[in-house]
Amino acid sequence: MRLPDVCSRLILVRRDWEPRGRDRGVSVIDGWGVAAIVAAIGLTGLALALYVRRKVRLLSQRIDRARDVAASRATDASYLARVLPPTACLPRPTNWSLGGDTLHWLLSEVERRRPRLVVDLGGGLSTVLLGLRLKELGCGQVVSVDHDAGFAATTQAFVSLNALDGIVEVRVAPLTANTALPGKAVWYDTDKLADLRDVDLLVIDGPPMSAGKRVREAALTFFQERFAADWMAVLDDAHRPGERAILESWRGGRNGFAIDVLPFATPTARIFPAQASEPSP
Ligand SMILES: C[S@@+](CC[C@H](N)C(=O)[O-])C[C@H]1O[C@@H](n2cnc3c(N)ncnc32)[C@H](O)[C@@H]1O
């Protein structure tokens, strides 16, 4: 159809919007046709606007997340700078490490409590920092437990670099299904941990969630008979659904542990024997 024909049809449509006489059929069809075109353009515009709005929202969420990560890295660095001896040589903090604020608090608890035995389930940066602080205080030992021999070897290398061999022991305890644990849970091989008694401080930052959402639940089942008086346990990642369920079950259990969650960048739960008085933060 040539352009003049289109124009004359549109004029026809406009003139015969209320169709009459000979042109009725033509003008009605053209009227609906124009309406359909207008509707199609409108719908396309709406879809485009919704698409753009969604893209802008996703982009701004990504910018917010990147800002949060940058802010928490800066916070971590400033906390770490405050707790580090100047000669310390540390594994680079990763998303898997305890956060700077959690580490800062944990080390101040170590200073306050002077634990004789610390067990660090899921070793790494936390192990080296705990060892350095105990060395500085001149008391206590750390047993760092890792299911993975490769990560354990890296932790061991940093332990040796910082001359902590007499204070920190790194153990490999592969994950195994254990019939003695509730639900025959997969957890660290308990044969490798059987000698651990009188634990003053238990840091639960492993095994990783890839082994199961509630994989860390077995920690208290195993250690509850192995704690010293006035013990404290710390569970990282307390915001995750699996850890929240674990905390619920510990709260509701026969032992009635006292639990609170500290509002760090990654929330951290501290757990005490029920009769213990809440320590000051
Ligand atoms: C949450 S990490 C423990 C981190 C440690 N507490 C720290 O502050 O550095 C738990 C386990 O994950 C494994 N792991 C550590 N870094 C990892 C990484 N970058 N990728 C995969 N697994 C990792 C190790 O086997 C470790 O025992």
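Helix α3 crosses helix α4 in a right-handed manner, a crossing being right-handed if the near helix is turned clockwise from the far one by less than a right angle, and left-handed if anticlockwise. This is a predicted model, in which local features need pLDDT of at least 70, side-chain atom pairs count only at pLDDT 80 or more, and totals for chains, interfaces and linings use all residues. Residues are numbered from 1 along each chain as its sequence is written.

Helices α3 (residues 100-113) and α4 (residues 125-137) have axes 10 Å apart and pack at an angle of about 30°. The two helices are therefore roughly parallel (an angle under 35 degrees). Contact (C-beta atoms, placed from the backbone, within 7 Å) is made by L103, L107, V110 and E111 of α3 with S126, L129, L130, R133, L134 and L137 of α4.

In helix α7 (residues 241-252), E243, I246 and W250 are the buried residues (20 or more other C-beta atoms within 10 Å; exposed, 12 or fewer; partly exposed, in between). They cover an arc of only 55° around the axis, so they lie on the same side of α7; the arc is that of the directions from the helix axis to the C-beta atoms. The exposed residues P241, E248 and G252 are carried on the face turned away from the buried side of α7. Elements covering the buried residues of α7 include α6 (218-223), β7 (227-235), β8 (258-262) and β9 (268-272).

Residue A157 is located in helix α5 (residues 149-161). A157 is partly exposed because 14 other C-beta atoms lie within 10 Å. The C-alpha atoms of A157 and V170, 13 residues apart along the chain, are 9.9 Å from each other. Helices (H or I, at least four residues) and strands (E, at least two) are DSSP runs, numbered from the N terminus.

Methods:
Contact = placed C-beta atoms within 7 Å. Axes fitted to C-alpha atoms, helices over the stretch in contact; angles between N-to-C directions. Parallel < 35°, antiparallel > 145°, perpendicular 65-115°, else oblique.
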